[in-house]
Amino acid sequence: MPTIGGQIWPQIWPWLALLAGGLCEAGFTTSLRHIDGGRNIGAIIAFLVSISASMGLLALAGKHIPMGTAYAVWAGLGAAATVLVGVAFYGEPFSLVRGLLLTGLVGCIIGLKTLA
């Protein structure tokens, strides 16, 4: 394992893997919009690649972060990213309340990372 500043890299890389896995979760949930009953092969492939990467990165991070914390962070990041994709690309509504709830979700994720 490469080191950056001594022992920092071994502490950071599981969180980077978890971040990437959470973003991949947004990829597989977004792919679900386009599967079209199994007729869109590209969306099916994107879904399978995204979910495999997402779960694999969660499993990898879970070897170094308590799994309860890793799963909560992974699910929260994926949910937050999915909401943002929906608002940015699919015209889903964004309100003050939704923004506050999303901010609270991200705050909880940061809290879990801080306590892990």
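Gly-107 is partly exposed, because its relative accessible area of 39% falls between the 20% limit for buried and the 50% limit for exposed. The model is a predicted one. Gly-107 belongs to helix α4, which covers residues 96-115. Another glycine, Gly-37, lies 70 residues away from Gly-107 along the chain. The C-alpha atoms of Gly-107 and Gly-37 are 36 Å apart.

The chain has four helices and zero strands. Read from the N terminus, the order of elements is α-α-α-α. Helix α1 takes in residues 8-32, helix α2 residues 41-62, and helix α3 residues 67-90. Along the principal axes, the C-alpha atoms fill a box of roughly 50 × 35 × 25 Å. The chain has 116 residues, and 30% of them count as buried. Contacts between residues at least 6 apart in sequence were also examined. Of these, 62% join residues at least 24 apart.

The average pLDDT of the chain is 91. A score of at least 70 is reached by 94% of the residues. Confidence is highest in α2, with a mean of 97. Confidence is lowest in α4, where the mean is 90. Where pLDDT is low, predicted coordinates should not be read in detail.

The pair α1 and α2 comes next. Their axes come within 7 Å and cross at roughly 155 degrees. The two helices are therefore roughly antiparallel, as the angle is over 145 degrees. The crossing of α1 with α2 is left-handed. On the α1 side, the contact includes Trp-13, Pro-14, Ala-17, Leu-18 and Ala-20. Further along α1, Gly-21, Cys-24, Glu-25, Gly-27, Phe-28, Ser-31 and Leu-32 also take part. On the α2 side, the residues include Ala-43, Ala-46, Phe-47, Ser-50, Ile-51 and Ala-53. Ser-54, Leu-57, Leu-58, Leu-60 and Ala-61 of α2 belong to this contact too. By class, the residues of the contact of α1 with α2 are 17 nonpolar, five polar and one charged.

Helix α1 also meets α3. The axes of α1 and α3 come within 7 Å and cross at roughly 45 degrees. These helices are therefore oblique to each other. Their crossing is right-handed. From α1, the contact draws on Trp-15, Leu-18, Leu-19, Gly-21, Gly-22 and Leu-23, along with Glu-25, Ala-26, Phe-28, Thr-29 and Thr-30. From α3, it draws on Thr-69, Ala-70, Val-73, Trp-74, Ala-75 and Leu-77, along with Gly-78, Ala-79, Ala-81, Thr-82, Val-85 and Tyr-90. The contact of α1 with α3 holds 15 nonpolar, seven polar and one charged residues.

The remaining pair described here is α2 and α3. Their axes come within 9 Å and cross at roughly 145 degrees. The crossing of α2 with α3 is right-handed. Helix α2 contributes Ser-54, Met-55, Leu-58 and Gly-62 to the contact. Helix α3 contributes Met-67, Ala-70, Tyr-71 and Trp-74. Six of the residues in the contact of α2 with α3 are nonpolar, two are polar and none is charged.

Asp-36 sits in the loop between α1 and α2. Its phi is near 55 degrees, a positive value in a residue other than glycine. Asp-36 counts as partly exposed because its relative accessibility is 45%, a value between 20% and 50%.

Ala-59 is part of helix α2. With a relative accessibility of 40%, Ala-59 counts as partly exposed. Ala-59 and Ala-79 are 20 residues apart along the chain. Their C-alpha atoms are separated by 18 Å.

Leu-112 lies in helix α4. Leu-112 is partly exposed, at 32% relative accessibility. Leaving aside residues up to four places away in sequence, Leu-112 touches Thr-69, Ala-72 and Val-73. Ala-72 lies 40 residues from Leu-112 along the chain, yet their C-alpha atoms are 8.2 Å apart.

Notes
Residues numbered from 1 in each chain as written. Predicted model: local features only at pLDDT ≥ 70, side-chain atom pairs only at ≥ 80, totals over all residues. Heavy atoms only, no water. Axes fitted to C-alpha atoms, helices over the stretch in contact; angles between N-to-C directions. Parallel < 35°, antiparallel > 145°, perpendicular 65-115°, else oblique. Left-handed = near helix turned anticlockwise from the far one by under 90°. Contact = heavy atoms within 4.5 Å. Nonpolar A, V, L, I, M, F, W, Y, C, P; charged D, E, K, R; others polar. Buried < 20%, exposed > 50% of the residue type's maximum accessible area, 1.4 Å probe, protein only. pLDDT = per-residue confidence, 0-100.
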